[in-house]
Amino acid sequence: MRYMGIIKNDFSAAPGVCLTFFVQGCPIRCKGCHNPESWDFKGGKKFNFNILDEIKEGLLANGIKRTFCIMGGEPLCKENIFFTHFIIKDILKDIPDLKVWIWTGQKTEDILNSENIFIKDILNNITGIVT
C-alpha cells in the first residue's frame with residue numbers, strides 16, 4: 001500500500017476545510033491529470049499505521065473537524081480499492097459522522113454498476129464522489 005501525500009488544510013477539494021489524502025497509482029491516466037506523478041504504483045511512500053494516526057489527528061486538529069478527501073492516483077482502481085476501503089472504515093470507527101469525498105477518474109455509471117463489494121460499501125459510507 002502506497003500513498004503520494006497528505007494536505008492537512010485543503011480548501012479546494014470539497015466544501016469547508018479538508019484533509020486530503022492522495023493514493024499512489026493510477027491505471028486510467030486521464031488527459032490533463034493534476035497529479036501525473038501519482039500514476040506509478042511503485043512511486044510515492046509506503047503506508048504505515050503511523051500515517052493512519054496522522055490522518056485521524058489531522059482531521060480534528062485545532063478543534064476544527066475537517067472533511068476527508070481521497071484522491072490520487074486512483075482510489076477506486078483494483079490495486080487501491082482495498083486500501084481505500086480500509087482507510088475509510090477505520091477512520092469512520094473513530095469519527096462516525098465524518099464527511100468523506102472521493103475523487104476518481106472512473107465513469108459514474110461504472111462505479112454505480114460495480115459488483116465489487118468494497119466499492120458498494122464505500123458508496124454506502126461516503127458523502128460524495130467526484131468523477
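In this predicted model, Lys56 sits in helix H1, which spans residues 49–59. Its relative accessible area is 16%, so Lys56 counts as buried, the cut-off being under 20%. Once neighbours within four places in sequence are set aside, the residues in contact with Lys56 are Asp90, Ile91, Asp94 and Ile95. With one of these, Asp94, there is also a polar contact: the side chains of Lys56 and Asp94 meet at 2.7 Å.

Thr104 is found in the loop that runs between strand E5 (100–103) and helix H3 (108–112). Thr104 has a relative accessibility of 9% and is therefore classed as buried, again by the limit of under 20%. Apart from neighbours within four places in sequence, Thr104 is in contact with Glu74, Leu76, Ile111, Ile129, Val130 and Thr131. The side chain of Thr104 makes a polar contact with the side chain of Glu74. A polar atom of the Thr104 side chain also lies 3.0 Å from the backbone nitrogen of Gln106. Leu92 is twelve residues from Thr104 along the chain, and the C-alpha atoms of the two are 20 Å apart.

| Residue | Partner side chain | Distance |
|---|---|---|
| Lys56 | Asp94 | 2.7 Å |
| Thr104 | Glu74 | 2.6 Å |

The sheet comes next. Six strands form an open sheet in the order E3-E1-E2-E4-E5-E6, and their pairing is mixed. Its edges are strand E3 (45–46) and strand E6 (128–130), each of which pairs on one side only. Strands of a sheet pair through backbone hydrogen bonds, in either a parallel or an antiparallel sense.

Strand E1 covers residues 2–10 and pairs with E3 in the antiparallel sense, over two bridges. Within E2, Phe22 stands opposite Gly5.

Among the contacts of Thr104 are Ile129 and Val130, and the edge strand E6 takes in residues 128–130.

Note on methods: Residues are numbered from 1 along each chain as its sequence is written. This is a predicted model: local features need pLDDT of at least 70, side-chain atom pairs count only at pLDDT 80 or more; totals for chains, interfaces and linings use all residues. Side-chain values use heavy atoms; hydrogens and water are left out. Helices (H or I, at least four residues) and strands (E, at least two) are DSSP runs, numbered from the N terminus. Buried means under 20% relative accessible area, exposed over 50%, partly exposed in between (1.4 Å probe, protein chains only). A polar contact is a pair of N or O atoms within 3.5 Å; within protein, one must be able to donate a hydrogen and the other to accept it, and residues adjacent in sequence count only if both atoms are side-chain atoms. Contact means heavy atoms within 4.5 Å. Two strands pair if DSSP finds at least two bridges between them.
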